[in-house]
Every structure is written in structure tokens, then in C-alpha cells.
Amino acid sequence: MTAERVTLKTMTAEHLSDAVELSRHVGWPHSREDWELMQSLSQGVVVQEEGRVVGTILMTPYGDNAATVNMVIVDAALRGRGLGRRLMEEALAKAGGRACYLVATQEGLPLYEKLGFIATGKIVQHQGLAPSVDAPAHVSWGEPGDHARLVALDRTAFGHDRSALMSSLRERAKFAVVRDQGDVQAFAAIRRFGRGLVIGPVVARKLHEARCLIDFLLANSAGEFVRIDTDETTDLGEWLTRRGLAHVGGGITMRRTAGEPKDETKPHRTYALVSQALR
Ligand SMILES: CC(C)(COP(=O)(O)OP(=O)(O)OC[C@H]1O[C@@H](n2cnc3c(N)ncnc32)[C@H](O)[C@@H]1OP(=O)(O)O)[C@@H](O)C(=O)NCCC(=O)NCCS
């Protein structure tokens, strides 16, 4: 089968069942609901061969200045024929002038490097059954009126506007918060993802605060399968392992175009990702 016999199309809801299959074939745990969330926030392209989806890509814009490129998959039988590059070129065209971010697998790395992405760091993936821990007393569940504050904190920590993503998470996630004199100062979200639950984003002012938020969510999910993806420089990894969430893999963070210089003075940091796809 040659690459000439395939067609590229805009991804719509009708392609999602095939997309779930394709991601299962590469060993990724995404459910249909996970794909629906990502597709609803993104512009996607599929490669079809005789009506069957054999390739996918999503470009998820965060405002006018940033985007993630994710769910880059080509059916194993059709690899090495330029389809990955064609999908990437489509996604980059959709991203326009936005700085593009992604988390790469080893397999994707050469393709992204050729397209001008540079490696910026590492993500570590931890997962396992949530242990029985004590819920820190100063952490509580968020309230509906907190939403605007959570969007603002996420923006401060991430550096770009993710209000569309945060609105979707409002419908699907539960939020743990730390308040100081009534105002939310840090938060962590937990939602259904893949095989169980995922914790992220976690936005906090310091490592101890991030751990307290995670402990609160673990305490309320004891015995359930939980996953957390974190940048290795957060130093959460060893502690997560001690909590029974084993290091099972990860990815390479990459960026294309200069992006803004990192503001080291800002108090908040993203300690855990929404997911590797969405950052
Ligand atoms: C990553 C993936 C999408 C690439 O798809 P593909 O259709 O094989 O990619 P292409 O044929 O367009 O190859 C892309 C480029 O990478 C190069 N390349 C691929 N593997 C390489 C390797 N091991 N070393 C050096 N270059 C490599 C190719 O030569 C090609 O370069 P060119 O366009 O200059 O000729 C595919 O391998 C895949 O689906 N992998 C599993 C899922 C995955 O890991 N996705 C990435 C998620 S971040």
C-alpha cells in the first residue's frame, strides 16, 4: 500500500472510534471520552485509507500565542513513508504563528527535530493504586465560584490562556484547593482518564503545597488506579514512588519557536500536567 492511496481530512466526531483503536494499537490508554475532550478543544486531521483512519494529529490552541501538537500516530504498516511529516505540516499550518509545544516519544523525536522542535526537558509518568494517606486538613474541595480564580492561577503557572481547557475540566474534574484568607492560592484537579484517574493540573506555590494537594486527592481515591505526569525538575518523582505510584515511563518536552522567556519570579508553577498531550 503506498502513501499516495491515502487522503487527509479534517477530524470530526465520526473518526473518534477509529482514533481510539489506533491509539490502543500504540499502547496508549485513551478512552473515547479522553479523545472527545481533546478533539473538542483542538483542530484535528486524520489520514484515511479506504475509509479507515490510519493516522491522526491534533493541534490544541491556547489563545493566540501557544498550542500543543498531540496524538501524532501513524498505523505501523504505513510508517516511514512521509505520513507523519505530512500530518505535522498540517498541524503546524493550523498553529500559524503560535509557539508549539509537545511531549515526544523516542519514536517521534527524529521527526520533530527535523521540523525545528528542540528538546527542553523530561516528563516522568507515575502510576499505581492510590494509597491510604491522611488528607491534609488545610486542603478542601473547590466550590463552583472558584472557577475564574483557577483559570487565572493556571494561566500564571502555564504562561498561556487555557480558559477553554479549564472550562472543559470544570465539567469533568473535581478540584482540591488551598485557601489563604478565603482566596484560592493553589489547586489540583482529578478526573477519569485512560485506565482510571489522572491528577493534573496541579498548580502550587511550592513543592510541599503540591504534595499536600496530591495527598488530599489520593486520600479521597484510595485503592483506585491513579496516574500523574510531572516535569522531572519538580522533584515530585521520588516522593510519588514512595507513595506507591511507580515511575513507568515518560516523554521528552519539546518546543518550536522561541516562546516567551520563562518568568522565574512568578510564585506559581505547574507541578503536574493535564496530560502528556495537553501539557
Ligand atoms: C512518530 C510517527 C508518527 C512517525 O510517523 P511516520 O509516518 O513513520 O513518519 P515519516 O515517515 O513522515 O518520517 C518522519 C521523518 O523522521 C525520520 N525518521 C523516522 N525515524 C527515524 C529514526 N529512527 N532516526 C532518524 N530519522 C528518523 C524519517 O526519515 C522522516 O524524515 P524525512 O521526512 O526527512 O524523510 C510514527 O512512528 C508513530 O505513529 N509512532 C507511534 C506513536 C508515537 O510514538 N507517536 C509520537 C508521539 S509524540
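Helices H2 and H6 are roughly antiparallel to each other, because their angle falls in the class over 145 degrees. The other classes are roughly parallel under 35 degrees, roughly perpendicular from 65 to 115, and oblique for the rest. The model is a predicted one: local features need pLDDT of at least 70, side-chain atom pairs count only at pLDDT 80 or more, and totals for chains, interfaces and linings use all residues. Residues are numbered from 1 along each chain as its sequence is written.

The axes of H2 and H6 (residues 163-172) come within 10 Å and cross at roughly 150 degrees. Axes are lines fitted to C-alpha atoms, for helices over the stretch in contact, and angles run from 0 to 180 degrees between N-to-C directions. Helices (H or I, at least four residues) and strands (E, at least two) are DSSP runs, numbered from the N terminus. The H2-H6 crossing is right-handed. A right-handed crossing has the near helix turned clockwise from the far one by less than a right angle; anticlockwise is left-handed. Leu-37, Ser-40 and Leu-41 of H2 meet Ala-164, Leu-165, Ser-168 and Arg-172 of H6. Contact requires C-beta atoms, placed from the backbone, within 7 Å. This contact holds four nonpolar, two polar and one charged residue. Ala, Val, Leu, Ile, Met, Phe, Trp, Tyr, Cys and Pro count as nonpolar, Asp, Glu, Lys and Arg as charged, and the others, Gly among them, as polar.

H2 also packs against H1 (residues 16-25), at an angle of about 115 degrees with axes 9 Å apart. H1 and H2 are therefore roughly perpendicular. H1 passes H2 in a right-handed crossing. Leu-16, Ala-19 and Val-20 of H1 contact Arg-32, Trp-35, Glu-36 and Gln-39 of H2. Four of these residues are nonpolar, one is polar and two are charged.

The protein chain is assigned domain 1 (3-97) and domain 2 (125-272). These bounds come from an automatic or database domain assignment. The C-alpha centres of the two domains lie 26 Å apart. Twelve residues of domain 1 and eleven of domain 2 make the contact. On the domain 1 side, H2 (residues 32-41) gives the most, with five residues. That side divides into five nonpolar, five polar and two charged residues.

Around the ligand stand 18 residues, of which Arg-79, Gly-84, Arg-85, Gly-108 and Pro-110 come nearest. A residue is near if its C-beta atom, placed from the backbone, lies within 6 Å. Strand E4 (66-74), helix H3 (83-95) and helix H4 (109-114) each give two or more residues to the shell. The shell comprises eight nonpolar, five polar and five charged residues.

Technical notes
Two residues are in contact if their C-beta atoms, placed from the backbone, lie within 7 Å.
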